[in-house]
Amino acid sequence: MAKLPKPSELAQISLTPPKKPWMDIVTEMRQGMFCHGAKAKNLAALELPNARDWKPADEDWHLPEDWKETVLNGIKERLEKFRTFHVFMDICVRCGACADKCHFFLGSGDPKNMPVLRAELLRSIYRKYFTTAGKVFGKTAGARELDIQALKEIWYYYFQCTECRRCSLFCPYGIDQAEITIIGRELLNLLGLNIDWICGPAANCYRKGNHLGLEPHTIKSSIEFFLSDLEDITGISIEPTFNRKGAEILFVTPSGDLFADPGTYTAMGYLMLFHELGLDYTWSTYASEGGNFGFFTSMDMAKRLNYKIYAEAKRLGVKWILGGECGHMWRVLHQYMDTFNGPADFMEVPVSPITGTKFNSAKSTKMIHIVEFTADLIKHNKLNLDPSRNDHLVVTYHDSCNTARGMGFFEEPRYVINSVCNHFHEMPEDTIREKTFCCGSGSGLNASENMEQRMRGGFPRANAVRHVHEKHGVNMLANICAIDRASLPPLMDYWVPGVRVAGTHELVGNALVMKGEKERTVDLRNEPLPGKSEGGEADV
Ligand code: SF4
Ligand code: SF4
């Protein structure tokens, strides 16, 4: 594995443009900046073409003989199928407004990470084979041949885009590089050129219902482990149900919440909240993944993996679905689920059984986000909260790209956090809400062999955290995304040591005063609560 440079070395970023035109610069694929190729067994499990073991650093990628024809046919098919793709191939005026908006460009200085140039890598092929000017004038018209170098370059840079859509916010034409990247990855997929960090979890999901490949009994025992911790902390015994037919609500969350800290503390927060409300809900050990790594493979794969959620809701006969804290899970649910696998006419428009609020925003999907559910509870004064239990935390909030830009979900998380914490500070305005910076590891890039790529891509986000860390003493980065809970801790350790990461419902769980609970002395991490530890005052 490539050695990760020190932060002081990585921070030396040159933004000086190269002297040669981009087409004349041969791309060097540097270790640490890309992920392992998808393994044959995972490609085969997903029934993807050209299943074989391959390594991106190898000269020979073991492509089928007709690979070029496959890609060109794939482009043709998608130009006909996706109008946005066709329009985005034609309308860029190269104004450069998007150029410095990508976190990967800001963190690497590599011009091919400018969104305009990332698109150009594919657009140049489009021009060569699908436009008259490109066919006649070639390079003069910005066209180039599809050869193996061009293919490798597209692979390298399309797996350096997290499909975050920040660039599209600044484009006067609304060109969405995320959509171009999605299509670019679909084309690569036709040749079996995905990465293993995407295909492995997607294959697990296809076989077992979740990215981690957890069996039903493992899911149940993971949750039981949390229940035992919760009983120690609160004195309350919680008994959730699994796969219960006739429950009012099906709860679906990313499997990361069941497996790795700090997501596990978020899951504990959910369990406490639902118990306190006496919610008629059930977990499912089959629809056991809200996330969807199929989305980073192709629209067809995303649809396939998403199918289980409605299928399980139908099997159990629930009225509506509640979803946990996740980013890309919600992009898929919010923007695609209804047309992928809906309409979900067998369910009802979600109504909170506690407040009576009808969530008309979910009229069609029948699924709401737990943060809007909780914000509504707080608004109606239905929770007994003691925010001083989070007084050891000085919190800021990272908007996940997918919930922020993909859903317009800005106020609810802030409202919840400010109701359960006394110390909150926003990061600078141009780094939050719709202008939020990506964690640098989204869209399936959260592997370990590409750490330099992730630390570079996460640099602008970390820089904004560093600002509030130094100015206000921020020591906790809250979020509502499972990928963030996995990717931000190493990013913070690297760029802003001393800042930890928490899901919003972990903070809710800390503050929630439950009926009949014993006096709490520790938080959900088993760390002393302010003023309640045996030794006296906790550090603030
Ligand atoms: S979608 Fe995000 S990662 Fe991709 S080019 Fe745009 S800003 Fe960069
Ligand atoms: S902002 Fe839009 S039009 Fe301008 S260079 Fe970027 S993609 Fe092209």
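**Entry 1: domains**

I looked up how far domain 1 sits from domain 2: their C-alpha centres lie 33 Å apart. The model is predicted. I then noted the bounds of the domains. The chain is divided into domain 1 (24-194), domain 2 (200-379) and domain 3 (387-511).

Next I checked where domain 1 touches domain 2. Seven residues of domain 1 are in contact with nine residues of domain 2. Which elements of domain 1 give two or more residues to this side? I found α2 (40-45) and α10. Of the elements, α10 gives the most, with three residues. I sorted this side of domain 1 by class and got two nonpolar, three polar and two charged residues.

**Entry 2: helix α10 and its partners**

Helix α3 covers residues 67-81, and helix α10 covers residues 177-189. The two pack at an angle of about 140°, and their axes are 9 Å apart. That angle makes α3 oblique to α10. I noted the hand of the crossing of α3 and α10 as right-handed.

Which residues meet here? From α3 I listed Val71, Gly74, Ile75 and Arg78. From α10 I listed Ile183, Glu186 and Leu187. By class, the contact of α3 with α10 has four nonpolar, one polar and two charged residues.

Then I turned to helix α4 (residues 83-90). Helix α4 packs against α10 at an angle of about 110°, with the axes 10 Å apart. So α4 and α10 are roughly perpendicular to each other. On the α4 side I wrote down Thr84, Phe85 and Phe88. On the α10 side I wrote down Glu179, Ile180 and Ile183. The residues of the contact of α4 with α10 come to four nonpolar, one polar and one charged.

I marked Ile183 of α10 in my list, as Ile183 is in the contact with α3 and also in the contact with α4.

**Entry 3: ligand 1**

I moved to ligand 1. How many residues are around ligand 1? I noted 15 residues. Cys102, Pro115, Cys161, Cys164 and Cys167 come nearest.

I met α10 again here. At least two residues of the shell around ligand 1 come from each of α6 (115-130), α9 (166-170) and α10. The most come from α10, with three residues.

**Entry 4: ligand 2**

Among the residues around ligand 2 are Cys92, Val93, Arg94, Cys95, Gly96, Ala97 and Cys98. I also wrote down Pro115, Val116, Cys171, Tyr173 and Ile175 for ligand 2. This shell has ten nonpolar, one polar and one charged residues.

**Entry 5: helix α6 against helix α8**

I noted the crossing of α6 and α8 as left-handed.

The contact takes Arg118, Leu121, Leu122 and Ile125 from α6. From α8 I listed Ala150, Glu153, Ile154 and Tyr157. I counted the classes in the contact of α6 with α8 as six nonpolar, no polar and two charged residues.

**Entry 6: backbone exceptions**

Last, I looked at the backbone. I started from a rule: most residues other than glycine have a negative phi, and most peptide bonds are trans.

Where does Glu47 lie? I found Glu47 in the loop between α2 and α3. Glu47 has a positive phi of about 55° although Glu47 is not a glycine.

I noted a cis peptide bond joining Asp261 and Pro262, with omega about 0°. I placed Pro262 in the loop between β1 (249-252) and α13 (263-277).

I noted another cis peptide bond between Gly342 and Pro343, with omega about -5°. Here Pro343 lies in the loop between α16 (337-341) and β4 (367-369).

Methods: Residues numbered from 1 in each chain as written. Chains lettered and ligands numbered in written order. Predicted model: local features only at pLDDT ≥ 70, side-chain atom pairs only at ≥ 80, totals over all residues. Axes fitted to C-alpha atoms, helices over the stretch in contact; angles between N-to-C directions. Helix = DSSP H or I, 4+ residues; strand = E, 2+ residues; numbered from the N terminus. Parallel < 35°, antiparallel > 145°, perpendicular 65-115°, else oblique. Left-handed = near helix turned anticlockwise from the far one by under 90°. Contact = placed C-beta atoms within 7 Å. Nonpolar A, V, L, I, M, F, W, Y, C, P; charged D, E, K, R; others polar. Near = placed C-beta within 6 Å. Domains from an automatic or database assignment.
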